[in-house]
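Hello,

Here is the structure I promised to pass on. Please have a look at it first, and then read my notes below.

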Amino acid sequence: MKKLSMLMFLFVLAAGSAMVSAPAHAHAQAVLKQGSSGDYVWDLQYRLKTLGLFDQELTGYFGTHTRQAVVKFQKRYGLRADGVVGSATWKALRKHTLNKSEMDIMARIIHGEARGEPYKGQVAVGAVVMNRIRSSQFPDTIRGVVFQSGAFTAVSDGQYWLTPNATAYRAALDAVRGWDPTGGALYYFNPKTATSKWIWSRPQTVTIGNHIFAK
């Protein structure tokens, strides 16, 4: 049943669902607790489901199962485990999870940058994106990271806009769930095409497929 549930969730990830995700900039003002309902709760449930903490259908209603998932998340990240989603919990959620529209961005950048790479290499690109979101050296949202000027070739040459496949969404989910084959890398490059001398100066962590990953 768990495998079937995950397959259904991957279908939701890749389906371009019309369900609405709450605006990222408004999360700090959206205090949620048991009994809350609406788009913000759907957004919350989606984020918790990407981490495997919420195993129910996405309903937009903050019931017992949602509260239990919130408490698990809060305990995992050292927050006050009160089951209430206030500004501190939203801040942690934005660092460690993605909502529906953000997951689409992740899948697009993985597909655009690494669709010819082995699966581990695709996850690795997603891990770099997540590492940048959590780093003080980069913007703290996936939109800011991906669309930072000159950050990704796929954005510059338009490959970002190709339709991502199911593998890209699966790699995105694995990266969000914490699989980091790069060892904490913030950069990667193809040694056959890299022209920047600076990128060669970065401490290298691992080579996966055609990419060298570095801090």
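A residue counts as buried under 20% relative accessible area, as exposed over 50%, and as partly exposed in between (1.4 Å probe, protein chains only). By that rule Tyr188, at 13% relative accessibility, is buried.

This is a predicted model, in which local features need pLDDT of at least 70, side-chain atom pairs count only at pLDDT 80 or more, and totals for chains, interfaces and linings use all residues. Residues are numbered from 1 along each chain as its sequence is written, and side-chain values use heavy atoms, with hydrogens and water left out.

Now to the aromatic rings. Rings of Phe, Tyr and Trp (its six-membered ring) pair if their centres lie within 6.5 Å; planes under 30 degrees apart are stacked, over 60 edge-to-face, and the rest tilted. The count comes to 10 aromatic pairs.

One of them joins Tyr187 and Trp198 edge-to-face, with 5.1 Å centre to centre and 80° between the planes. Tyr187 lies in strand 1 (residues 187–189) and Trp198 in helix 10 (residues 197–200), so this pair ties together parts 11 residues apart in sequence. Helices (H or I, at least four residues) and strands (E, at least two) are DSSP runs, numbered from the N terminus. Tyr187 is buried at 13% relative accessibility, whereas Trp198 is partly exposed at 44%.

Tyr188 of strand 1 also pairs with Phe213 of strand 3 (residues 211–214), 25 residues apart. That pair is tilted, at 5.6 Å centre to centre and 40° between the planes, and Phe213 is buried at 0% relative accessibility.

Best wishes
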